[in-house]
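Student: Could you take me through one part of this model in detail? I would like a close look at the pocket and the residues around its centre.

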Amino acid sequence: DAGQKLLTTYIMQLLHNPALVLPESLYSAFVEILNADISEAFKAEQLTLPSFSELADSIDEVDPIALLNAIENIQHQIASKLAPMLLKQYQQNIQADYANDGKAIGKRALKNICLSYLTRLNDHQNLVTQQYQSSNNMTDTLATLSCAAKSSHEKLNEMMVDFEGKWQDITLVMDKWFAIQASVNDESIFDNLSKLIAHPLFSLKNPNRARSLIGAFVNSNPRYFHCASGRGYQFLIDQLIKLNDINPQVASRLITPLIQFKSFDQDRQIMIKAKLEQLAKQEVLSKDLKEKLVNGYSKFLEKQSDLSGYILMKNSPSCGMDRIKVYLDNGHSHVKKRAGLFAEALMAKYPNLPVEEEGRLGDAILRENFIQRVFIYARWQKLAAEGFSIKALNDFHAQHKYIFCLLYTSDAADE
């Protein structure tokens, strides 16, 4: 745990200063781990860097590409500095005969962690083809292909074709093949995804196959899922729309990275919200996806307690204040109308918050009333933050006495 915290600290520093040179003390710590009289499995665990998703979850409004660059930066610096020792450990843990005991599993884990570092360097790309050709177990083979995918190895396509030819009749193994294909770190990924969706062995009706391809792209290929063009988000939305009809339970699992948009920078948040709006516009949105969207909005709103007012968008499936059509399972419009998904979550979370639709603000009286409520609510929030007292409450009431009388004249007359 202490080692992971230390690595996280340096990744955060590299995030803000990519030119940072890692200190000798970090390399010394790695050398001590590699030379320590401890199990290979524990060494492998200590050498493993924090994942992209773990780091992203711990930071608000991070640029995902900058974060990924920081992770790759530290991995490259460690590999460059310790290449001879990593290569030695890699070679020492090669096993001629396959075994499935704890010792053998640990040696494979350490060997493949060393491989993941070494393949960051051009000088050691030959290890990929060597291990693939000599592998006598699925763990080593998949580790090799995963490293090749991350480094865009020149022989990757050749190895993937060979792997498919050997294992195309084994469903679980082909799930791994689709997952590795989706994690390839190359600009051709979107063309490849289109081909994989059309692959004879792929079907959205197969939950495991859908998760293996779409889920792997979303969770294991952050550079292209979060690319600045928004194509990664659009790919996921396109598949979610299809899965909404075919398998909404799978769709509700795959949408998770999008509803965690608060973790990412403002540009990504804007793009993700636009894509979620596209999803919310579907005439028949499954209960599973609807609940996930509402829960996602609710988590976002937990961090918005300082709001003093909110302007919503008329007729928006997510941000409409009311009169939004609800569709039945057969696609026909229901007589019942409701607020948009985000608007509903907002008003449920903060029932006293001044809220209005942008279209209604063209009316001078409604606009003045809304602005007035925002300022009064802001003063109330300030009072609540400073702490209530009898004097403070009396002063607040005195300050707004005539406004209250004006707004609630009809109620006072009824009493």
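Tutor: Gln-75 counts as buried, at 11% relative accessibility; buried means under 20% relative accessible area, exposed over 50%, and partly exposed in between, using a 1.4 Å probe and protein chains only. This is a predicted model, in which local features need pLDDT of at least 70, side-chain atom pairs count only at pLDDT 80 or more, and totals for chains, interfaces and linings use all residues. Residues are numbered from 1 along each chain as its sequence is written, and side-chain values use heavy atoms, with hydrogens and water left out.

Gln-75 sits in helix α5; helices (H or I, at least four residues) and strands (E, at least two) are DSSP runs, numbered from the N terminus. Its side chain makes a polar contact with the side chain of Arg-120, at 2.8 Å. Such a contact is a pair of N or O atoms within 3.5 Å; within protein, one must be able to donate a hydrogen and the other to accept it, and residues adjacent in sequence count only if both atoms are side-chain atoms. Setting aside neighbours within four places in sequence, Gln-75 is in contact (heavy atoms within 4.5 Å) with Leu-49, Ser-116, Tyr-117 and Arg-120.

The largest pocket has a volume of about 1,100 Å³, and of the 34 residues lining it, Gln-75, Ser-116, Arg-120, Ser-146 and Lys-150 are the closest to its centre. On a 1 Å grid over the protein atoms alone, a pocket is an open set of points with protein on both sides within 12 Å along at least five of seven lines, whereas a cavity is a set where a 1.4 Å probe fits but cannot get out; lining residues have an atom within 4 Å of a point. Grid points are joined across faces, edges and corners, and the volume is the space filled by probe spheres set on the points.

The largest share, 6 residues, comes from α8. By class, the lining has 15 nonpolar, 14 polar and 5 charged residues, where Ala, Val, Leu, Ile, Met, Phe, Trp, Tyr, Cys and Pro count as nonpolar, Asp, Glu, Lys and Arg as charged, and the others, Gly among them, as polar.
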